[in-house]
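I opened this entry to record what I looked up, one topic at a time. The sequence and the model come before the notes.

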Amino acid sequence: LELSALVNAPKLNSGLTPLHLACAGGHLAAVKFLILHAAAIDAASEIPGESGRVRGEKITPLMAATREGRGDEMRILLEGVQVKHTQVRCAVDLSNVTGQTALHIAA
């Protein structure tokens, strides 16, 4: 980030942001760091397709952590991180392209 890296820049082939990857990979310190540095906590993975259409699963970092069974990362996203004077936490009711929320994925 000191070298002007984009904290919300998605991977081209998956649309996953660094926060998605940190959550799925079980990198708790990186999750906290990214949130503290303005990572979009509810970013949906999107891959631009032909004619401006979006393709991909449209999963959130919470869904990525849930899918991989990353309890500590899920807890941080749900409880939130104090950023300045605001508690930043994820939304629990967002759904992917098939209509599933993180709760559906966890079941």
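I began with a definition: a salt bridge is a side-chain nitrogen of Lys or Arg within 4 Å of a carboxyl oxygen of Asp or Glu. The model is predicted, so I noted that local features need pLDDT of at least 70 and side-chain atom pairs count only at pLDDT 80 or more, while totals for chains, interfaces and linings use all residues. Residues are numbered from 1 along each chain as its sequence is written, and side-chain values use heavy atoms, with hydrogens and water left out.

**Entry 1: the salt bridge**

How many salt bridges does the structure hold? I found 1. Arg75 and Asp72 form a salt bridge through their side chains, at 2.9 Å from N to O. Side chains of opposite charge can pair when their charged atoms come close. I then looked up where the two residues sit: both are in helix 4 (residues 71-79), 3 residues apart, which is about one turn of the helix. Helices here are DSSP runs of H or I with at least four residues, strands are runs of E with at least two, and both are numbered from the N terminus.

**Entry 2: the whole chain**

I counted elements next: the protein has 5 helices and 4 strands. Along the sequence they follow the pattern α-α-β-β-α-α-β-β-α. The protein has 107 residues, of which 32% count as buried. I also checked contacts, meaning heavy atoms within 4.5 Å. Among contacts between residues at least 6 apart in sequence, 54% join residues at least 24 apart.

**Entry 3: helix 2 against helix 4**

I returned to helix 4 and looked at its packing with helix 2 (residues 28-36); the two axes come within 9 Å and cross at roughly 20°. Axes are lines fitted to C-alpha atoms, for helices over the stretch in contact, and angles run from 0 to 180 degrees between N-to-C directions. Helix 2 and helix 4 are therefore roughly parallel. The scale I used calls angles under 35 degrees roughly parallel, over 145 roughly antiparallel, 65 to 115 roughly perpendicular and the rest oblique.

Which residues make this contact? From helix 2 they are Leu28, Val31, Lys32 and Ile35, and from helix 4 they are Asp72, Glu73, Ile76 and Leu77. I sorted the residues of this contact into 5 nonpolar, no polar and 3 charged. In that sorting Ala, Val, Leu, Ile, Met, Phe, Trp, Tyr, Cys and Pro count as nonpolar, Asp, Glu, Lys and Arg as charged, and the others, Gly among them, as polar.

**Entry 4: helix 1 against helix 2**

Helix 1 (residues 18-25) packs on helix 2 at an angle of about 155°, with the axes 8 Å apart. That makes the pair roughly antiparallel. Helix 1 contributes Pro18, Leu19, Ala22 and Cys23 to the contact, and helix 2 contributes Ala30, Val31, Leu34 and Ile35. The residues of this contact divide into 8 nonpolar, no polar and no charged.

**Entry 5: two buried residues**

I looked up Leu62, which lies in helix 3 (residues 61-67). Leu62 counts as buried because its relative accessibility is 5%. Leaving aside neighbours within four places in sequence, Leu62 is in contact with Met74, Leu77, Leu78, Cys90, Ala91, Val92 and Ala102. Leu62 and Leu19 are 43 residues apart in sequence, and their C-alpha atoms are 9.5 Å apart in space.

Thr60 lies in the loop between strand 2 (54-55) and helix 3. Thr60 is buried, at a relative accessible area of 4%. With neighbours within four places left aside, Thr60 is in contact with His20, Asp42, Ala43 and Leu94.

**Entry 6: positive phi**

Ala38 is not a glycine, yet has a positive phi of about 75°. I located Ala38 in the loop between helix 2 and strand 1 (47-48), and at 56% relative accessibility Ala38 counts as exposed. Lys84, also not a glycine, has a positive phi of about 55°. Lys84 lies in the loop between strand 3 (81-83) and strand 4 (86-88), and is exposed, with a relative accessible area of 75%.

Conventions
Buried < 20%, exposed > 50% of the residue type's maximum accessible area, 1.4 Å probe, protein only.
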